[in-house]
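Please open the model in the viewer and keep the selection tool at hand.

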Amino acid sequence: MDKNKRIISCAITGAVHVPSMSKYLPVKPEDIIEESLGAAEAGAASVHIHVRNPQNGEPITNFELFEQVIKGIREKNKEVIICVTTGGSVKMTVEERASVIPRLRPELGSMNCGSLNWGLFEIAKKYPSFNYEWEKKFLDDKNIIFVNTFGAIETILSYMDKEGTKPELEVYDAGHLYNIKYLLDNGILRSPLYIQFVTGILGSIGSSPYDIMQLHQTAERLFGAGNYVWSVAAAGKSQFTSSTMSLLLGGHIRVGLEDNLYLDKGVLAKSNRELVSKSARIMRELSLEPATPSEAREILGLNQTMS
Ligand code: KMH
Ligand code: ZN
């Protein structure tokens, strides 16, 4: 595969931001579908999907909504890779988060590789008011742990193994790479690995070039160059600088309103399409090209048939 082809994943809505932060954050299933199709048209080979309560935007696990979104995307786009979250939201139980795998049997599923403190309370301070009651409570909480114990990891991986879902390994700190190494060495996880470095959440590693380099170097040491595929998903204002760092070091990127609401300083992104388009522009300036879904499947070692 041409080394100049790089995967853009787009995380469409997630469970970090709340609707009062941006009117452009998609909440209703039809909006999540449209945003996914727009992202794919702009160059995203993969879309990362969460669903929300259509009435108030709260992240939920609702199979009907997930199915509606997946069907809606597939009706218009047969190619884009669909990655379903098993991170859900930090307020959900592990069983609830894991349940999407046997029910939806996605081609790709996120797999969070370690527990961490989860601090969104500083973000809450920036907003004087919220439109929905749940939003402030969701953000302004200093006692949240995003639970991804070894037991939780093994449960989710066993579902993925059974359903043929490839794990996208979400790594929030260097220690999580050692968790992956343990899982690999003990046959709980199989190569080839697809690792997503998720940076910039309070409780995780930061998003500076040094942080990205540290994660990359640790992964190189543990797994060996060429033995894994990696990408960077930076939360917040560093999304473009961190993804550019990934591109420079040979990695892939994830962007999207899930983790970053801004196209530029003080300028809200009006869509996921805008964020993907900007990333594709940066890539082309570096003489790189966004991988098509079919090229991305080859890079990730996915079957060429879709689910
Ligand atoms: N938005 C990221 C910080 C998942 O969906 O599995 C976390 C995430 C987790 O994407
Ligand atoms: Zn997510």
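Begin by selecting Trp-118, Phe-146 and Tyr-172, which form one aromatic cluster. Rings of Phe, Tyr and Trp (for Trp, the six-membered ring) pair if their centres lie within 6.5 Å; planes under 30 degrees apart count as stacked, over 60 as edge-to-face and the rest as tilted. The model is a predicted one, in which local features need pLDDT of at least 70 and side-chain atom pairs count only at pLDDT 80 or more, while totals for chains, interfaces and linings use all residues. Residues are numbered from 1 along each chain as its sequence is written, chains are lettered from A and ligands numbered from 1 in the order in which they are written, and side-chain values use heavy atoms, with hydrogens and water left out.

A search of the whole structure gives eight aromatic pairs. One of them joins Trp-118 and Phe-146, edge-to-face, at 5.1 Å centre to centre and with 65 degrees between the planes. This pair links distant parts of the chain, 28 residues apart: Trp-118 is in the loop between strand S8 (116-117) and helix H5 (121-124), and Phe-146 is in strand S9 (residues 145-146). Helices (H or I, at least four residues) and strands (E, at least two) are DSSP runs, numbered from the N terminus. Both Trp-118 and Phe-146 are buried; buried means under 20% relative accessible area, exposed over 50%, and partly exposed in between (1.4 Å probe, protein chains only).

Next, select Tyr-127 and Phe-130. Their ring centres are 6.1 Å apart and their planes stand at 40 degrees, so the pair is tilted. Phe-130 counts as buried because its relative accessibility is 17%.

From Phe-130, move to Glu-135, which touches Val-18, Pro-19, Ser-20 and Phe-130, not counting residues up to four places away in sequence; contact here means heavy atoms within 4.5 Å. Glu-135 is located in helix H6 (residues 133-139). A polar atom of the Glu-135 side chain does lie 3.1 Å from the backbone nitrogen of Asn-131.

Now turn to the salt bridges, of which the whole structure has 17. Select Asp-140 and Lys-136, whose closest N and O atoms are 3.0 Å apart in one such bridge. Asp-140 is partly exposed at 40% relative accessibility, and Lys-136 is partly exposed at 43%. In the salt bridge between Glu-122 and Lys-125, the closest N and O atoms are 2.8 Å apart. Here Glu-122 is partly exposed at 39%, whereas Lys-125 is exposed at 59%.

Continue to helix H8 (residues 174-185), where Asp-185 and Lys-181 lie four residues apart, about one turn of the helix. Their side chains meet in a salt bridge of 3.4 Å, N to O. For a network of salt bridges, select Glu-168, Glu-170, Arg-254, Glu-258 and Asp-259 together.

Finish with charges over rings, each having NZ of Lys or CZ of Arg within 6 Å of the ring centre and within 35 degrees of the ring normal. The charged end of Lys-142 sits over the ring of Phe-121, 5.1 Å from its centre. Lys-278 lies over the face of Phe-240, 4.4 Å from the ring centre.

How values were computed
Polar contact = N/O pair within 3.5 Å; in protein donor to acceptor, adjacent residues only side chain to side chain. Salt bridge = Lys/Arg side-chain N within 4 Å of Asp/Glu carboxyl O.
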